[in-house]
Amino acid sequence: MAHTFAIGIDIGGTNTDLGLVRSDGECLARLNFSTTDCTSADTFVDKLCSTTGILLKDSDSGVLQGIGIGAPNGNSLTGCIEEASNLPQLSNLPLKRILEERLHLPVAVGNDANAAALGEMVYGGAKDLQDFVTITLGTGVGSGIVIGRRLLLGVHGNAGEVGHSILVPDGRPCSCGRRGCVEEYASARGICKTFIELRNATDSYNGMLDGIADNQLTPKLIAEAAQQGDALSIATFERTGYYLGLACANVVSHIAPQKIFLMGGPTQAGSLLMTPTHKSFDDNLLSIYKGQVEIELTHLPANDAAILGAAALINL
Ligand SMILES: [Zn+2]
């Protein structure tokens, strides 16, 4: 049987990555171009269409389902990238309509977090699941909620902001203007903040990250120090796992999913993060859900996850 294909396009503030994705999740060809070089919407659309055309030549032997576009603030209901602070030239551009007219293929637009959830459903660990949640740890904390194999969009297309549920009343100030959101504890910057708080509370820290300025810290550096036994770095991941497990236990009370998948850069810390996350999750889970929900790492390969997620948006 001939394979079906989809084009996945991940639009970022710096680069736009495109891939031709086979129905089994194999990314057969990749291309990219600089988003920042496209100073107007017209030049961006021209570049997007010509690059897509090159990829389409590789799909001759199968049926092309369509084009999925993942972008920060991509709205699947309007088909636009809304209020794109990193992509001002694309703000409120009706990408779906423009590309469907130019390329004569179905086009779907969605945000990064929705793309991650659908990527997991179509190509990853949720192929056989009905209800699941994906949580992406990165600059922020994104999430996608799938119920009955349908992505939860909400009335205005912006459902599923687990990262901005309040975890700590009067906690750390969040980029959203409120305090104590999950994002301020479980994102890359949240992990660094936890390390800094612990370091500031210690008189005698002389560990591996002693000379590293606050603004030079990354979860990767802290994970490397933890792996070499740095007590403060280990404590940072224990604290992060505590918060993340608590957040996941709250998610279960609302959604009762079969699984929660975690993804994003900080999850590369592996058991440093996952062991305390599982413990906190078990400690805080409402008893009626015990043993019913698993937390695991994404099954999508890290370097293709964004393109696979974008391609999966065509299944919205
Ligand atoms: Zn917030």
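Which residues in the largest nonpolar core touch the most other members? In this predicted model, that core holds 89 residues, and those that touch the most other members are Ile69, Ala247, Cys248, Ile260, Ala311 and Ala312. Helix H7, covering residues 231–255, supplies the largest share of the core, namely 10 residues. Because domain 1 (4–124 + 303–315) and domain 2 (132–297) both give residues to this core, the core lies between them. As a general point, nonpolar side chains in soluble globular proteins tend to be buried together.

The view may now be widened to the two domains. The domain assignment divides the protein chain into domain 1, made up of 4–124 + 303–315, and domain 2, which covers 132–297. Taken over C-alpha atoms, the centres of domain 1 and domain 2 are separated by 28 Å. Contacts between the domains involve 12 residues of domain 1 and 13 residues of domain 2. On the side of domain 1 that touches domain 2, the largest share comes from H3, with 8 residues.

Helix H3 also packs against another helix. In general, two packed helices are described by the angle between their axes and the distance between the axes. For helix H3 (residues 112–123) and helix H9 (residues 305–312), the angle is about 85° and the axes are 7 Å apart. An angle of 65 to 115 degrees counts as roughly perpendicular, and H3 and H9 are therefore roughly perpendicular to each other. The residues of H3 that take part are Ala115, Ala116, Leu118, Gly119, Met121, Val122 and Tyr123, and they meet Ala305, Leu308, Gly309, Ala310 and Ala312 in H9. Ala312 is also one of the core residues that touch the most other members.

Finally, the chain may be considered as a whole. The protein chain contains 9 helices and 12 strands. Its radius of gyration is 20 Å, close to the 20 Å that the globule rule gives for 316 residues, so the chain is as compact as a globular protein of that length. The C-alpha trace spans about 65 × 45 × 35 Å along its principal axes. Of the 316 residues, 45% count as buried. Among contacts between residues at least 6 apart in sequence, 65% join residues at least 24 apart.

Definitions and conventions. Residues are numbered from 1 along each chain as its sequence is written. This is a predicted model: local features need pLDDT of at least 70, side-chain atom pairs count only at pLDDT 80 or more; totals for chains, interfaces and linings use all residues. A nonpolar core is a set of buried Ala, Val, Leu, Ile, Met, Phe, Trp, Tyr and Cys residues joined through C-beta atoms within 7 Å. A residue is buried if 20 or more other C-beta atoms lie within 10 Å of its own, exposed if 12 or fewer, and partly exposed in between; C-beta atoms are placed from the backbone. Helices (H or I, at least four residues) and strands (E, at least two) are DSSP runs, numbered from the N terminus. Domain bounds come from an automatic or database domain assignment. The radius of gyration is taken over C-alpha atoms; the globule rule is 2.2 Å times the number of residues to the power 0.38. Two residues are in contact if their C-beta atoms, placed from the backbone, lie within 7 Å. Axes are lines fitted to C-alpha atoms, for helices over the stretch in contact, and angles run from 0 to 180 degrees between N-to-C directions. Angles under 35 degrees count as roughly parallel, over 145 as roughly antiparallel, 65 to 115 as roughly perpendicular and the rest as oblique.
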